[in-house]
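Subject: Structure for your files

Dear colleague,

Here is the structure I said I would pass on. My notes on it follow below.

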Amino acid sequence: AAARRLVARLPAAARRRLSSSAVSRHRPMMKYGDRRPVAANDAFVAPNATVLGRVELRDEASVWYGAVVRGDHADVSIGSVVNVQDRVVIETVASLDSGFPASVSVGDYTSVGAGSCLKSCVVEHTVDIGEGCIIDQGAVVQNTVVLEPGTVVPAGALITSGGRWAGNPAQLVAALPEEAAAAIVAKAEARRVEADNAHAEYDPAPGAP
């Protein structure tokens, strides 16, 4: 109780630093053997997220609260302005029976909805993945696709460009209009702004209140 009262008397910036990843026992970014994560300076990783192993976070990518990105068995690449939302799990296997790389690649301006799971798959640019989706190992999701919440993409499946997909297993339900790509980019940009604000909250500039 005395410690809480002492903390309450600190300036706001000092309180934020005490609650930030700088002093937390949890390390949001961790190596696994000789496999180390690399993040752009403007990428955001929430304090309680986990980025493990050989993971690349490109410019303005964000990994949100409770998400886990595991590059322990194979590489993971998260593109520019990608948002990996709350409780998402991205993981890899050591190898695929097909002989293709077992890595995960997520292209630019893609949104990965809360609670989704991606395993050793390829997601190209401007894809909107709804909440609770599953993309299994060896699957490929091409550019400019919308996956409705709860969609399951089976292992080895190909989700072709320009469509709205739903169901288990995923099926094409509609073609996307011409403006769909711009809408997907705008959604990712809005998340980028949120990430910028969160980044500033956890790592305030010197002299900030």
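**A buried loop residue, and what surrounds it**

Ala46 has a relative accessible area of 0% and is therefore buried (buried is under 20% relative accessible area, exposed over 50%, partly exposed in between, with a 1.4 Å probe and protein chains only). Ala46 sits in the loop that runs between strand 3 and strand 4. Helices (H or I, at least four residues) and strands (E, at least two) are DSSP runs, numbered from the N terminus. Apart from neighbours within four places in sequence, Ala46 is in contact with Pro28, Val63, Trp64 and Tyr65, where contact means heavy atoms within 4.5 Å. Ala46 and Ala67 lie 21 residues apart in sequence, with 8.4 Å from C-alpha to C-alpha.

**Basis**

This is a predicted model, in which local features need pLDDT of at least 70 and side-chain atom pairs count only at pLDDT 80 or more, while totals for chains, interfaces and linings use all residues. Residues are numbered from 1 along each chain as its sequence is written, and side-chain values use heavy atoms, with hydrogens and water left out.

**Overall**

The protein has three helices and 20 strands. Of its 209 residues, 42% count as buried. Among contacts with a separation of 6 or more, 25% are between residues 24 or more positions apart. The accessible surface is about 10500 Å², and carbon and sulfur atoms hold 52% of that; these areas come from the Shrake-Rupley method with a 1.4 Å probe, and for residues only the protein chains shown count as cover.

**Core**

In soluble globular proteins, nonpolar side chains tend to be buried together. A nonpolar core here is a set of buried Ala, Val, Leu, Ile, Met, Phe, Trp, Tyr and Cys residues joined through side-chain atoms within 4.5 Å. The largest such core holds 40 residues, and the members touching the most others are Ile78, Val84, Ile90, Leu118, Ile129, Ile135 and Leu147. At least two core residues come from each of strand 3 (44-45), strand 4 (50-57), strand 6 (68-78), strand 9 (104-106), strand 13 (127-129), strand 16 (145-147) and helix 3 (180-202). Beyond its neighbours within four places in sequence, Ile78 is in contact with Glu56, Leu57, Arg58, Ala61, Val84, Ile90 and Val106.

**Helix 3**

Helix 3 has 23 residues and spans 33 Å from first C-alpha to last, close to the 33 Å expected at 1.5 Å a residue (the expected span is 1.5 Å times one less than the number of residues). Its buried residues are Ala180, Ile184, Ala188, Arg192, Ala195 and Ala198. Their cover includes strand 3, strand 5 (62-63), strand 7 (83-84), strand 10 (111-112), strand 13 and strand 16.

**Salt bridges**

A salt bridge is a side-chain nitrogen of Lys or Arg within 4 Å of a carboxyl oxygen of Asp or Glu, and by this rule there are 10. What does Asp128 meet in a salt bridge? Its partner is Lys187, at 2.9 Å from N to O. This pair links distant parts of the chain, since Asp128 is in strand 13 and Lys187 in helix 3, 59 residues apart. Asp128 counts as buried because its relative accessibility is 15%, whereas Lys187, at 36%, is partly exposed. Salt bridges with shared partners also join Glu60, Glu189, Arg192 and Asp196 into one network.

Asp72 and Arg70 form another salt bridge, 2.7 Å from N to O. Asp72 is buried at 8% relative accessible area, and Arg70 is partly exposed at 29%.

Arg58 forms a salt bridge with Glu56, with the closest N and O atoms 3.4 Å apart. Arg58 is partly exposed at 39% relative accessibility, as is Glu56 at 34%. The side chain of Arg58 also makes a polar contact of 3.5 Å with that of Ser77. A polar contact is a pair of N or O atoms within 3.5 Å; within protein, one must be able to donate a hydrogen and the other to accept it, and residues adjacent in sequence count only if both atoms are side-chain atoms. Ser77 is in strand 6 and counts as buried at 15% relative accessibility.

**Thr126**

Thr126 lies in the loop between strand 12 (122-123) and strand 13. Thr126 is buried at 11% relative accessibility, and a polar contact of 3.0 Å joins its side chain to that of Thr144.

Regards
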